[in-house]
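Please keep the sequence and the 3D view side by side while you read, and find each residue as it is named.

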Amino acid sequence: MVTQISSFGLYGLNAFPVTVEVSLSKGAPSFEVVGLPGNSVKESRERIRSALENIGMPMPPSRVVVNLAPADVKKSGTMYDLPILLGILVCMGRLDPQPAHRCYIGELSLTGDTCRVNGVLPMALAAAENGIQELYVPAANRTEAAAANLRVYGFGNILQLLAHLDDKSPMVSAPPYRYTEAPFPTVLDFADVKGQQNAKYALEIAAAGGHNALMIGSPGSGKSMLAKRIPTILPPMTEAEALETTQIYSVAGLLRGSHPFLSRRPFRAPHHTISGAGLVGGGTIPRPGEISLAHNGVLFLDELAEFDRSTLEIMRQPLEDHQVTITRVSGTISYPCRFMLIGAMNPCPCGYYGHPKRQCTCSTSKVHQYLNRISGPLLDRFDLHIEVDPVPFEALSDGKRGESSADIRHRVVQARQIQAERLGEIGVFCNAAIPAGLVQQYCPMEEEAKTMLQSVFDRLGLSGRAYDRILKVARTVADLDGSETIRRQHIACAVQYRSLDRKYWAN
């Protein structure tokens with residue numbers, strides 16, 4: 001007898017329908033899986049044998065052949081355990097043939113219990129698009145899959161599922177997921193940062209326009225403290241952004257049963273020893289890297305100059321395209337990676353080059369060698385250069401709290417709303433993402449502002465990319481100021497935050 005069970009496969013973020021065909025026939029007892037199965041799929045034979053024995057339904061002494069169609073596409077993962085087992089039970093006469101509108105995804109333990117599967121959310125969304133009406137997944141994936149517009153059933157073991165399919169003990173489908181933003185921990189607030197008004201305002205501009213920012217300062221000046229509080233002033237994620245980001249975390253296996261859906265913008269801070277594959281993604285079947293895990297959020301690279309230079313250079317293309325493409329023999333995978341890049345570094349190996357009170361112990365050549373770990377093209381991709389000066393004693397000892405994250409966030413959200421109304425027609429929702437060909441259209445300047453920018457451009461020898469980025473930052477400053485056009489003071493503010501390359505790298 002031959003039967004078919006509907007399921008889904010996954011390659012990167014791309015889910016595709018898989019028909020699990022199971023055949024039981026006469027012959028020497030065997031269990032074969034065909035259709036380009038990976039090692040994890042081949043190992044399902046032993047999990048299924050043990051699971052059937054432990055629920056009191058041992059494998060029949062027959063020749064079992066399983067085909068995963070389409071047979072010319074590589075299959076990997078453990079999501080095929082459940083549909084294969086159900087196909088065997090149908091062929092044994094234990095279950096009725098399953099309709100095509102029912103889809104089964106799940107990994108099995110040796111005892112017949114279900115285990116969490118990575119990537120269920122993109123598979124559930126693809127199932128809804130392909131006309132699937134009922135989706136059966138492990139209980140740990142139930143809430144995650146409920147974001148798709150279909151009936152989702154989660155179960156803990158095979159016997160529970162069989163009781164439902166036999167109408168003996170029907171399960172209740174998961175309620176549709178309702179997105180709500182999770183509050184930020186109260187321990188992180190810009191009110192705790194003493195002094196640093198210039199840096200705070202620069203980061204407010206970065207958050208309002210989605211701009212990349214580089215902070216340079218001596219150890220202990222507050223660079224990391226400022227960076228960790230950036231998510232508290234970013235606008236809330238929309239449901240579409242949350243769904244997109246959660247799919248990446250689902251594929252990476254970073255979702256937890258208690259928190260199956262991302263409701264805050266991600267903040268990723270990898271260590272400087274990270275490899276290129278860890279940063280942008282990689283592996284035999286490429287997994288998302290840190291830049292994709294930071295999608296719609298913040299990627300913070302502390303001690304930027306300590307990162308391997310070749311690793312940093314890999315980010316140059318994704319920073320422009322907002323997408324990373326990884327090619328392997330088995331195929332090509334693309335992951336989105338639209339994020340705010342925040343870098344922090346010391347000005348020299350000892351950290352005190354340019355310090356007003358402490359003397360730098362580094363030679364000039366060592367300072368240049370240290371700074372040159374950051375290439376010009378990568379430095380050019382930071383919209384804002386922020387010098388974080390040491391905090392004086394008077395500011396540290398002052399008992400007054402500074403402006404709260406909630407107050408700053410209110411202004412950021414207002415600026416983002418202005419940008420959404422202006423740029424929504426082209427599918428862009430922050431100034432940093434304005435396409436190069438449309439910068440002039442969406443960043444109109446007064447004559448005085450244009451004259452000033454021309455003078456700065458000629459005097460400093462700026463690149464075309466730097467010109468666009470200054471205009472975009474000035475557009476954000478104007479939005480925070482409530483101005484329809486870019487004025488002279490907005491250009492001056494944007495140029496002020498492009499000065500560190502000339503102060504440090506030009507020497």
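In this predicted model, Arg 411 and Glu 403 form a salt bridge in which the closest N and O atoms are 2.6 Å apart. Arg 411 counts as partly exposed, with a relative accessibility of 29%, and Glu 403 is also partly exposed, its relative accessible area being 37%. Elsewhere, salt bridges that share partners join Glu 320, Arg 381, Asp 383 and Arg 469 into one network, and the structure as a whole holds 20 salt bridges. As a general point, side chains of opposite charge can pair when their charged atoms come close.

**A salt bridge between two strands**
- The side chains of Arg 151 and Glu 134 meet in a salt bridge, with a distance of 2.9 Å from N to O.
- This pair links distant parts of the chain, since Arg 151 belongs to strand E9 (residues 151–155) while Glu 134 belongs to strand E8 (residues 134–138), and the two residues are 17 residues apart.
- Arg 151 is partly exposed at a relative accessible area of 37%, whereas Glu 134 has a relative accessibility of 9% and counts as buried because that value is under the 20% cut-off.

**A salt bridge between two loops**
- Asp 192 forms a salt bridge with Arg 229, and here the closest N and O atoms are 3.9 Å apart.
- Asp 192 lies in the loop between helix H6 (158–165) and helix H7 (197–209), and Arg 229 lies in the loop between helix H8 (223–228) and helix H9 (239–252), so the pair ties together parts that are 37 residues apart in sequence.
- Asp 192 counts as partly exposed, with 25% relative accessibility, whereas Arg 229 counts as buried, with 8%.

**The surroundings of Asp 479**
- Asp 479 is found in helix H20, which covers residues 464–481, and with a relative accessibility of 4% Asp 479 counts as buried.
- Which residues are in contact with Asp 479, leaving aside its neighbours within four places in sequence? They are Ala 415, Ile 418, Gln 419, Arg 422 and Asn 431.
- With one of these residues, Arg 422, the side chain of Asp 479 makes a polar contact, side chain to side chain, at 2.6 Å.

Note on methods: Residues numbered from 1 in each chain as written. Predicted model: local features only at pLDDT ≥ 70, side-chain atom pairs only at ≥ 80, totals over all residues. Heavy atoms only, no water. Salt bridge = Lys/Arg side-chain N within 4 Å of Asp/Glu carboxyl O. Helix = DSSP H or I, 4+ residues; strand = E, 2+ residues; numbered from the N terminus. Buried < 20%, exposed > 50% of the residue type's maximum accessible area, 1.4 Å probe, protein only. Polar contact = N/O pair within 3.5 Å; in protein donor to acceptor, adjacent residues only side chain to side chain. Contact = heavy atoms within 4.5 Å.
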